[in-house]
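Reader: I should like to go through this structure with you, one topic at a time. Could we begin with the open spaces?

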Amino acid sequence: MMKLDLAKIKFDGAGLVTVVVQDALTAEVLMTAWADAEALRLTEERGELVFWSRSRSCLWHKGETSGNKMRLREMRIDCDGDTLLALVEPAGPACHTGRRSCFHRTLFGEGGAGEPTFLGRLFRYLSVRKNDSPDESYTARLLSSGLSRVAQKVGEEGVETALACATRDKDGFRREAADLLYHLLVACIASGVSFSDVLSELASRHKEKKK
């Protein structure tokens, strides 16, 4: 594991550097904050994000009061060395308003339901729903029925997706593929395999060419 090298970081005149915080699973940008050298050293030591609060002029262990701590998976640095990207596993909302991300308001432009962060967010949502009453949640009911039933559903949806593909049924394929993805996520939960593990396996097979 690489160690913190402060010499690579270009701190500003106040001795601070911008830290962009991103959910390691969903890829959502959660917040931005600032850190000084000591905050980064504590972050490395604790494995949780520590910042420098410009308003209070003191170190700030994210979530120390609220419990919404952020476990650090990886800290990256940009090409200029003056901005850091923290990939984290959040224990709760990042925003003081209770929202998952501080960037929950649209200033201009229009987003869409097909945003690439959705699948990771859905996995996290289903991981919570598994604890709900089976009478109120299909996810909880399916998981409570056992691994064999979950596996059966994955097989059924896989066949239906393949048939829609073979018959060039675009609308049917769209619906069946969505069903298959959902049941695959439920199967991950039932098997004790995180969605991050699946993505890591895919990434290990991908050989990206350097430009």
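Author: A term is needed first: a pocket here is an open set of grid points with protein on both sides within 12 Å along at least five of seven lines. The model is a predicted one. By that definition, the second largest pocket holds about 460 Å³ of space.

Reader: Which residues lie nearest the centre of the second largest pocket?

Author: They are Met31, Trp60, Lys62, Ala94 and His96, out of 22 residues that line this pocket.

Reader: How does the lining of the second largest pocket divide by class?

Author: Nine of its residues are nonpolar, nine are polar and four are charged.

Reader: What is the volume of the largest pocket, then?

Author: Its volume is about 640 Å³. The lining comprises 18 residues, and those closest to the centre are Met2, Lys3, Leu4, Glu74 and Met75. Two elements, α1 (37–46) and β5 (70–77), each give two or more residues to this lining.

Reader: Which element gives the most to the lining of the largest pocket?

Author: That is β5, with six residues. By class, the lining of the largest pocket has nine nonpolar, two polar and seven charged residues.

Reader: Back to β2, please. In which sense does it pair with β1, parallel or antiparallel?

Author: Strand β1 (residues 17–23) and strand β2 (residues 29–35) pair in the antiparallel sense, over six bridges. Within this pair, Val21 stands opposite Met31 of β2. Met31 is also among the residues nearest the centre of the second largest pocket.

Reader: Which residue takes a positive phi in the hairpin of β1 and β2?

Author: Ala27 does, with a phi near 70 degrees; the hairpin has five residues between the strands.

Reader: A change of topic: how far apart are the end C-alpha atoms of helix α2?

Author: They are 16 Å apart. Helix α2 (residues 118–129) has twelve residues, and at 1.5 Å a residue it should span 16 Å, so the two values agree.

Reader: Which residues of α2 are buried?

Author: Gly120, Leu122, Phe123 and Leu126 are the buried residues of α2.

Reader: Why do you say that the buried residues line one face of the helix?

Author: Because, seen down the axis of α2, the buried residues fall within an arc of 160 degrees, they line one face of the helix.

Technical notes:
Residues are numbered from 1 along each chain as its sequence is written. This is a predicted model: local features need pLDDT of at least 70, side-chain atom pairs count only at pLDDT 80 or more; totals for chains, interfaces and linings use all residues. Side-chain values use heavy atoms; hydrogens and water are left out. Two strands pair if DSSP finds at least two bridges between them. Helices (H or I, at least four residues) and strands (E, at least two) are DSSP runs, numbered from the N terminus. On a 1 Å grid over the protein atoms alone, a cavity is a set of points where a 1.4 Å probe fits but cannot get out, and a pocket is an open set with protein on both sides within 12 Å along at least five of seven lines; lining residues have an atom within 4 Å of a point. Grid points are joined across faces, edges and corners, and a volume is the space filled by probe spheres set on the points. Ala, Val, Leu, Ile, Met, Phe, Trp, Tyr, Cys and Pro count as nonpolar, Asp, Glu, Lys and Arg as charged, and the others, Gly among them, as polar. The expected span of a helix is 1.5 Å times one less than its number of residues. Buried means under 20% relative accessible area, exposed over 50%, partly exposed in between (1.4 Å probe, protein chains only). The arc is that of the directions from the helix axis to the C-beta atoms.
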